[in-house]
Amino acid sequence: MQLTDPIAILFFILGLTFGSFGNVLILRLPKGQRVVGRSQCAKCKTQIMASDLIPVISYIFLRGKCRSCDKKISIQYPIVELVSGILFVIAAVQIPESSIAALILAILLWLLFLMAFIDAQIQGIPDLLNIPFVLIALLFAWFTGTLTVMAPVIAAGFFALQWIASKGAWVGSGDIILAAGIGLMLGDWPRAVVAIAVAYIVGATVALVGLITRQISRKDRIAFGPFLAIGTLVTVVWGEWLLQMVIP
Ligand SMILES: [Zn+2]
């Protein structure tokens with residue numbers, strides 16, 4: 001599929017819209033606030049006009065400032081929107097033969113991104129994202145005919161064992177649920193193992209660089225969600241290639 005394909009463009013626009021809603025979830029879920037309700041400026045609390053809620057474009061048009069109070073709007077908003085748009089295009093490119101399957105995959109990647117973002121901020125994954133992720137992953141596996149028991153059991157079991165062994169110190173219970181969803185999403189267990197392996201390699205590299213540069217100390221807890229999300233995305237895009245490298 002070409003990036004100029006109407007489906008790819010449609011997915012990009014849809015992804016930007018999901019990203020816009022993602023900003024609301026990132027902001028409100030960790031604080032336990034209601035998800036519905038109009039958005040307001042973080043600084044002056046003025047309700048934002050509907051015409052100023054167009055993903056990315058409104059940010060550029062307003063030059064990154066609130067229309068009412070002129071204070072800066074966080075660059076986080078257009079970035080979350082853009083990343084969501086790109087994730088939707090990745091899903092469209094991965095499954096060109098079925099737009100429905102591609103859409104479900106896109107939503108899964110978007111949920112993973114939101115969970116990674118929130119986990120990095122608050123060291124925890126809201127069940128309001130986690131549980132829907134597992135259910136949608138189940139739907140995806142059923143729809144694409146890749147439903148297996150092994151992949152979610154191995155992925156979740158791996159984290160459950162660590163959780164039991166460390167009494168919840170090494171990994172959070174949210175990681176177990178997340179891993180089950182990732183197993184369902186990836187379909188067969190070797191792909192789930194690749195995702196976890198990539199997550200550990202990236203996580204260990206980041207931790208090492210952080211320790212050397214003294215950005216993090218030994219006592220710091222590092223959220224694992226972002227690395228699981230990266231490992232899963234890498235497996236979705238390059239999984240077959242990575243598996244062929246390991247098992248020729
Ligand atoms: Zn304002």
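Visitor: Which hand does the crossing of helix 1 and helix 4 have?

Guide: A crossing is left-handed if the near helix is turned anticlockwise from the far one by less than a right angle, and right-handed if clockwise. Helices (H or I, at least four residues) are DSSP runs, numbered from the N terminus. Here the crossing of helix 1 and helix 4 is right-handed. This is a predicted model, in which local features need pLDDT of at least 70, side-chain atom pairs count only at pLDDT 80 or more, and totals for chains, interfaces and linings use all residues. Residues are numbered from 1 along each chain as its sequence is written.

Visitor: At what angle do helix 1 and helix 4 pack?

Guide: Axes are lines fitted to C-alpha atoms, for helices over the stretch in contact, and angles run from 0 to 180 degrees between N-to-C directions. Helix 1 (residues 6–28) and helix 4 (residues 99–122) pack at about 30°, and their axes are 11 Å apart. Helix 1 is therefore roughly parallel to helix 4 (angles under 35 degrees count as roughly parallel, over 145 as roughly antiparallel, 65 to 115 as roughly perpendicular and the rest as oblique).

Visitor: Which residues of helix 1 and helix 4 meet?

Guide: Two residues are in contact if their C-beta atoms, placed from the backbone, lie within 7 Å. From helix 1, I7, F11, G15, F18, G22, L25 and I26 meet S99, A106, W110, L114, F117 and I118 of helix 4. By class, this contact of helix 1 with helix 4 has ten nonpolar, three polar and no charged residues. Ala, Val, Leu, Ile, Met, Phe, Trp, Tyr, Cys and Pro count as nonpolar, Asp, Glu, Lys and Arg as charged, and the others, Gly among them, as polar.

Visitor: Is S99 buried, partly exposed or exposed?

Guide: A residue is buried if 20 or more other C-beta atoms lie within 10 Å of its own, exposed if 12 or fewer, and partly exposed in between, with C-beta atoms placed from the backbone. S99, which lies in helix 4, counts as partly exposed because it has 15 C-beta neighbours inside 10 Å. By contrast, L129 in helix 5 (residues 127–143) has 21 such neighbours inside 10 Å and so counts as buried. Leaving aside its neighbours within four places in sequence, L129 is in contact with L29, L111, L114 and M115.

Visitor: How do the axes of helix 5 and helix 7 cross?

Guide: The axes of helix 5 and helix 7 (residues 173–186) come within 8 Å and cross at roughly 15°. These two helices are therefore roughly parallel to each other, and their crossing is left-handed. Among the residues making the contact are F133 and L138 of helix 5 and I177 and L184 of helix 7. The contact of helix 5 with helix 7 comprises eleven nonpolar, three polar and no charged residues.

Visitor: What domains does the assignment give for the chain?

Guide: Domain bounds come from an automatic or database domain assignment. For this chain it gives domain 1 (1–94) and domain 2 (99–248). Their centres, taken over C-alpha atoms, are separated by 24 Å. In contact across the two are 17 residues of domain 1 and 17 residues of domain 2. On the side of domain 1 that touches domain 2, helix 1 and helix 3 (76–94) each supply at least two residues, and the largest share, eight residues, comes from helix 3. That side of domain 1 has 13 nonpolar, four polar and no charged residues.
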